[in-house]
Amino acid sequence: MTRELDLDDIQGNVIRAYGKFGYPKARYFFIGLTNAWVGREFVRRVQDKVTTARRWPKNSAGEREGPPITMNIGFTFMGLYMMELPTRTLQGMPDDFIDGMRKRAFILGDQPLSDVTRVEQPVLPTDPVPDWMKNWDPIWQDNRRAPGLPGDVHIWVSMNAKVIPGTETPVPGSDGETDILEERTQWLRDTCREVCEAYARHHTGKKGTDDSSQSRGWIGIIAKNGKDGDQEYQEASAVFDDIYDDKGNKLRLPTPYEHFGLSDGIGDPVFEGQFDEAETRAKVKGRGKWMDPDKGWEPLATGEFLLGHPDESQELPPAARPPEFSHNGTFMAYRKLHENVTSWNDYFKAEAKTYAKMTGLTEEQADVTLRSKAVGRWPDGVPLQRAGTHKEWEKVRAEHGLKYANEEKKDLATYLRRLAYLRSEHASDFKYAHDMQGYDCPNSSHLRRVNTRDYLDPINDMHPELNKDKNVNKNANTSLNKRRRIMRRGLPYGPSTLSEGKDEGEQGVAMMIICANLFRQFEFVQQQWIQYGLDFNSGNNTCPLVGDHSKHTRFTVPADPAKDGVPYVCEGLKNFVEPRGGEYFFIPSMTALSMIADGVVDPT
């Protein structure tokens, strides 16, 4: 029986990855404030517009349909401190959240280990940031620099909007002229201004706000996003493509790709209570936890993603008091990841020349094969566990109708089949016990690192001669993986068209990772599985896609010697993905939002 959750008390972005539910355009705002009065008043005005996890009604096609725009809110530790939450509540927050992403940079692989011993002293606004942060966006360079300095990020507000069908334009707002995203953005600007004016009237009796009153009571959007620090918000958008219907009309439709041309966000976990029973049965295969051949896949425990609920150890995740404040809340790591598209393309095109000669593939086939081996999936999302070679991939594409007849004029029917495939069991229901050598999906590939499935089960046998029938490991399960799962949210940023992006351009993924325990889930995966390869028999070699390759630059593609295969070693990997900053946020329940707005958080 699926666990029943109070969905009206949970923020909607916890349950839904909006980009996959018809909201391909987004804006992420970061807000600072100077005292608790303006913060509470701001939350009081915002909370009625926050989107909850309530089930959306189904339309005539049987699909759930939500509002034209969603909005959600979160707080940094310093934001909760500025809200004057009780000391006991603040002390009950996890260390990782209290520290923030900047202080944990060496764990995440953002800060070189050689710099960890250097104590970062309090700085003045004019002092330079540490060298390892030089490529971070100014908003994150200035965040948490030293106590009392302006520029700290206290509140995160996200907006996701629907678009007019067949276009990239957000749906119209209430006036029918301004689109819904800009209309809500203006509402946020006005709300910040009105709260400042209310503070001035309440505390000084003045109608407006002058410099002195703003210094005591100010709240506003920190407009320092982007590499030049000149953007009011972090804009995000799905990558769109031109698709033609059966009448030859050109449509602009969102795709699951990010700027490397890879299908993204396929294997997001499913937990108890997230969906109704029918939806859970349809989604859980390959996305939950594998028990055994009799029980199959089951949803993960709710407490892995929501505070106040039992987790996989049958314990309540550590949370701040009072319980009512933490219950149905969670934590989020906001992480802006820049993609060096030119380096990615150039590297694999160059490697493909040698790999093609070695394997008998064409250079084009060798190029896509090497990229897919590094990722763990083919570009259209077919997992290597379903098709370990280019020939097998072509067979799967034909069986499922995934290949466009004309790449220059992509047809709508194939587009819809590709989207349906990504939601299918074929794309997610697989394990690794039969491929312990990594002949199909390399042990060190990105997919294996971020979701190890049954690979780490100690009953698995690495000796292929003992596993010729591929049934020896049928009882292997995901026990060593189910406590490390994270939920992916966010969208790509940069151009909304897949193109040859320059390394120095602005393109990548605005990553938002949700889990109940940042240290045990997000930080563990980032440090132990992405930045270190021992669990994958890869020594110090890091993830070929998102790992730090400043020192360890190797990725090995295994090959079955029984089929006359020879391993291929990719040398000289570059840093294809680089952090541009970020922070940790607490995503409160609707109950907790009311407690914050009313100033009645009582830890006793």
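Predicted model: local features only at pLDDT ≥ 70, side-chain atom pairs only at ≥ 80, totals over all residues.
How many nonpolar, polar and charged residues are there in the lining of the largest cavity? Hold that thought for a moment.

A search of the whole structure turns up two cavities of 30 Å³ or more. The largest has a volume of about 110 Å³. It's lined by 15 residues, and the closest to its centre are Tyr 18, Asn 160, Arg 489, Gly 490 and Met 512. Three strands, S3 (155-161), S11 (487-493) and S12 (508-515), each put at least two residues into that lining. So, back to my opening question, by class the lining has eight nonpolar, five polar and two charged residues.

Then there's the second largest cavity, with about 40 Å³ of space. Around it you'll find Pro 94, Asp 96, Pro 318, Phe 331, Ala 516, Asn 517 and Leu 518. By class, that's five nonpolar, one polar and one charged.

Okay, on to the backbone. The peptide bond from Arg 321 to Pro 322 is cis, omega near 0°. Pro 322 sits in the loop between strand S9 (297-298) and helix H11 (323-326).

Two non-glycine residues also have positive phi. Glu 84 has phi near 60°, and its place is the loop between helix H3 (77-82) and helix H4 (87-91). Buried or exposed, which is Glu 84? Exposed, because its relative accessibility is 55% and the cut-off is over 50%.

The other is Asp 564, with phi of about 60°, in the loop between strands S13 (555-557) and S14 (568-570). Asp 564 counts as exposed too, at 71% relative accessibility.

Key. Residues numbered from 1 in each chain as written. Heavy atoms only, no water. Helix = DSSP H or I, 4+ residues; strand = E, 2+ residues; numbered from the N terminus. Buried < 20%, exposed > 50% of the residue type's maximum accessible area, 1.4 Å probe, protein only. 1 Å grid on protein atoms, 1.4 Å probe; cavity = no way out; pocket = protein on both sides within 12 Å on 5 of 7 lines; lining within 4 Å. Points joined across faces, edges and corners; volume = space filled by probe spheres on them. Nonpolar A, V, L, I, M, F, W, Y, C, P; charged D, E, K, R; others polar.
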